[in-house]
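Work through the exercises below with the model open. Each solution goes step by step.

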Amino acid sequence: MDEKVWSGRFHEPVSELVKQYTASITFDQRLAQCDIQGSLAHAQMLQQAGVLSVEDLSAIKAGMQEILQEIAAGKVEWSVDLEDVHMNVERLLTQKVGDAGKRLHTGRSRNDQVATDIRLWLREEIDRVVVLIRDLQSALVDLADKNAEVVMPGFTHMQVAQPVSFGHHMLAYVEMLGRDGERMLDCRHRVNRMPLGAAALAGTTFPIKREMTAQLLGFEAICQNSLDAVSDRDFAIEFTAAASILMMHLSRLSEELIYWMSPRFGFIDIADRFCTGSSIMPQKKNPDVPELVRGKSARVVGHLMGLITLMKSQPLAYNKDNQEDKEPLFDTVDTLVDTLRIYADMMRGVSVKPENMRAAVLEGFATATDLADYLVKKGLPFRDSHEVVARAVRLAEEQQQELSELSLDVLQSFSSLIDEDVYQVLSPEGSLNARNHVGGTAPAQVRAQVARWREYLQSV
Ligand code: ARG
């Protein structure tokens, strides 16, 4: 017996292969709770609109409660014959409550139903993601607080540039994650609009009350054009773009953790529980977690490309292509949630090696700019002072010395403006403290930013 709800128009049953190929139940069963939530609001609205009787509505409510319990208990057997989650749930309901279940789909189509389900689902996931972003931010803020005074080399072009506070470096990522959270919440406004009522594509002949359904479901607004409502998945693309940017940020931090941890750098250590060994090389402790985060960022960016390509050139309105939106979206959320969780844990297990960082600062002429600024403050134009310092660096390099190891006599041979107080300027700590303005790396500024972030993170 062919069980398809639409089989009446067809002369032969659909082939087994096609059934498997077109079914989405293996993955869209994940939307079941949202599907039921949407159906209950729709039914309530239909009753208010005089389309469903009070009896039908209460039968639907009771039936759906039972189905929810069965799903939670893992008792539902999803059927591929019934194609997708929407028809599976409808069939379960009809088996329980008969005609009331068959009336539920009045004034609705799977096209507006599925678009509504995904939005309900994604809205909740965004809220979960935002909480996890904030938790990672607070782990980084704690690390910044503990290490505000720790001097490390700041790099440009992967070469030692100027000393920075390790705390300042951590807070750079807190800023990035702050914008990631903003992007998520901003995108949430566009996710949180209701397609229901668009029906298949043109709207419905029933006297529906869309505002009521939207209010019951907590949507901020309703989609104003039925064709747009059922066909576009820009909200999912937008979310995946925000997710890609977030993963891109974490891939940058991961890259840094990986080389900071390599014995060549030895800037940090990552707790053993986040690392693995080698089956052949006994000395190895590998940073698998940051490496996998770096790898998984590719996967999320891939989903963004997948979704935007899925949408590209699709004519209005709904096309079955859109069934392919779910797996990339689900996997993006799963990857993001797992990554954020493990990352916050891992950052809490990072230990810092200040001696090695300081040694790297000293090896890299990192205070050369400070010396140039020093001469400018004594009246030399910056271009001239840049030249003077470059010559001093060349000499130091030839003699395999640090700038601070050059004697006062030698330094004065480059410029008579140089005095004993220059050694204060050449120290990494002096360099840090001198950059004491909003956005600068001075430990006092780092502490002020830590306080600002703590206040924000406690207020949300
Ligand atoms: N499973 C479908 C999807 O995910 C639901 C909508 C199907 N609508 C249709 N007319 N075939 O997009």
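**Exercise 1.** How many residues of the shell around the ligand are nonpolar, how many polar and how many charged?

*Solution.* The model is a predicted one. Start with the members. The ligand is surrounded by S24, D28, D84, R110, N111, V114, K320, N322 and Q323. Now sort them. One residue is nonpolar, four are polar and four are charged.

**Exercise 2.** Find which helix gives the largest share of the shell around the ligand, then assign the shell to domains.

*Solution.* Take the helix first. Helix α7 (residues 110-146) supplies three residues, the largest share. Domain 1 covers 7-106, domain 2 covers 111-146 + 158-198 + 225-353, and domain 3 covers 359-459. Then assign. Domain 1 and domain 2 each contribute at least three residues to the shell.

**Exercise 3.** State what separates the centres of domain 1 and domain 3.

*Solution.* The separation comes to 69 Å.

**Exercise 4.** Describe the span that UniProt annotates as a domain.

*Solution.* Read the record. The unreviewed UniProt entry places "domain: Fumarate lyase N-terminal" at residues 8-302. Turn to the model. Residues 8-302 are 63% helix and 7% strand. The end C-alpha atoms of this span lie 40 Å apart.

**Exercise 5.** Report the predictor's confidence, for the chain and for the complex.

*Solution.* Chain first. The average pLDDT is 96, and 99% of the residues score at least 70. Then the complex. Its ipTM is 0.97 and its pTM is 0.95.

Note on methods:
Residues numbered from 1 in each chain as written. Predicted model: local features only at pLDDT ≥ 70, side-chain atom pairs only at ≥ 80, totals over all residues. Domains from an automatic or database assignment. Near = placed C-beta within 6 Å. Helix = DSSP H or I, 4+ residues; strand = E, 2+ residues; numbered from the N terminus. Nonpolar A, V, L, I, M, F, W, Y, C, P; charged D, E, K, R; others polar. pLDDT = per-residue confidence, 0-100. UniProt positions renumbered as here; feature names shortened; annotations may be inferred.
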